[in-house]
Amino acid sequence: MKKLMSLLGTLALAFALIVPVSADGHDKAMVRVLHASPDAPAVDVYVNEEVAVEGAEFKALTDYLSLPAGDYNVEIKPAGDTETVVVAADLSIEAGKFYTAAAIGQLDNIEIAAMEDDANFEDGKSKVRVAHFSPDAPAVDVAPKGGDPLFSNLEFKAVSDYGTLDAGTYDLEVRPAGATDVVKALDGVALEGGKNYTAFAIGLLEGEPAFEVLLATDGGEMAGAPATGQGGLAQTASMNWLLAAAVLGAAAAGFYVFRRQKQDA
Amino acid sequence: MGRQQLASTSFVVRNKTLKLLFIGTLSFLTIAPVVDAPDADAKLTTVGFADPLVLAATEIDRQSFRVDTFIPKRLKIPSIDINAVIQPVRKDRLGRMDTPTKTDEVGWYQYGAKAGETGNVVLSGHLDDLRGPAIFANLGDLRLGESVTLQRGKKIIAYKVVSVERYRLEDVPLASIFAATQAQRLQLITCAGPYDPELGYEDRIVVTAIATT
């Protein structure tokens, strides 16, 4: 994390000189990384040969890293190992957009799946998509409990389009595509209005780590830092300084006079 | 067509490392009465029960996403004597997170997380007004580990401070504050540093706390 901050700090510094900084960060692209490879070790993520994330374990979804738009090389290495590249990918990212790069598949066939996250929000609605990142699970449907599928026939590696739902709490089911039996019941999935979500199906149906669904909110309504002052304290402070200076000056003058009197005596 | 109702009761022992253990699933198949069309030939309707049927154990693996969330109404930080009303805020004309007009109140960014929800709960408060200190005047005095609570009626969520940072305005880590995260964080923001009559304060203090309840 420290290194991440220092990387971001360095980048921010480098680009502060060239790119005018917008109030709300919309000149940056946002990228987060998901570790969804069930048998891969904890990893470090390198962005253009600089470490950006350290020690991410299976199921870790990092915060969004703010990066200037452009082309990047993302490398994933075993945590603490600077030599071995487990998997790498080139990413082209645009300002104002959000992305998720996921390391998926068993270690033998590991790859990076990159997707753009929807950061356009609708009041009272939730946009939801499903990413099937469980290497041994069959094609699946995702449906409201006992209802018709919202997302159909998603195979391993598939990322659905976003569907729009009314905000609310849903009981959902993951089923084998076309079937009615339930692989996983997802109870009480709370979808907030004005937020978008990705449900990442990760892990293994047969074996450990076990199959589960990681529900993530996508993107974010970016804003500039709030204006939280009106200057009252600053003026008071400068008044205080003036006052202090005046007092010091008077004291110095007094001391000088005092010394003069002593010398004169 | 007769309606079939499948009533099943399952007992499940969960264990993360061991394979799931089924104690059993016992199902009764009941055949509901056949509902005939009104003009059908009059005849005795029979109501029968099928023999109890034991199906192969079908285990439904469940995952609960239930959370108790609320829009925070009051912020308490005992160590710096804050007990403030929270007002929902959006963005101002310049695209900045807004702050309540009343300088003894705190703004809750309504596009961020609610209390208890995964994500960033973002609060803004004034350092000062035109005359002197406002609600977040002492925010920068917070120390690591100190407690912050959000409340609404009897609902309460406690956080503990994990970082107190001061940034130049252009260096404020907006992605950490406003973008989605899997953490349950509270972000408290106020002004600091030199004051420019036109641009306002040049620095921001950002206090980050994580949920402990």
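Biologist: In which sense do E14(A) and strand E3 of chain B pair, and over how many bridges?

Modeller: Strands here are DSSP runs (E, at least two residues; helices are H or I, at least four), numbered from the N terminus, and two strands pair if DSSP finds at least two bridges between them. In this predicted model, E14(A) pairs with strand E3 (residues 61-64) of chain B in the parallel sense, over four bridges, and A:Asp187 stands opposite B:Ser64 in E3(B). Local features need pLDDT of at least 70 and side-chain atom pairs count only at pLDDT 80 or more, whereas totals for chains, interfaces and linings use all residues. Residues are numbered from 1 along each chain as its sequence is written, while chains are lettered from A and ligands numbered from 1 in the order in which they are written.

Biologist: Which element gives the most to the side of chain A that touches chain B?

Modeller: Two residues are in contact if their C-beta atoms, placed from the backbone, lie within 7 Å. On that basis the contact takes 45 residues from chain A and 51 residues from chain B. E14(A) gives the most to the side of chain A that touches chain B, with seven residues. Among the elements that each supply at least two residues there are helix H1 (2-16) and helix H2 (232-264) of chain A.

Biologist: How do the residues on that side of chain A divide into nonpolar, polar and charged?

Modeller: Ala, Val, Leu, Ile, Met, Phe, Trp, Tyr, Cys and Pro count as nonpolar, Asp, Glu, Lys and Arg as charged, and the others, Gly among them, as polar. The side of chain A that touches chain B has 23 nonpolar, 14 polar and eight charged residues.

Biologist: Why is strand E15 of chain A described as largely enclosed?

Modeller: A residue is buried if 20 or more other C-beta atoms lie within 10 Å of its own, exposed if 12 or fewer, and partly exposed in between, with C-beta atoms placed from the backbone. Eight of the eight residues of strand E15 (residues 195-202) of chain A are buried, so E15(A) is largely enclosed by the rest of the structure. Both faces of E15(A) are covered, with buried residues including A:Tyr197 on one side and A:Phe200 on the other.

Biologist: Which strands does E15(A) pair with?

Modeller: Strand E9 (residues 125-132) of chain A runs parallel to E15(A) over seven bridges, with A:His132 opposite A:Ala201. E15(A) and E16(A) run antiparallel and are joined by seven bridges, and here A:Ala199 stands opposite A:Leu215 in E16(A).
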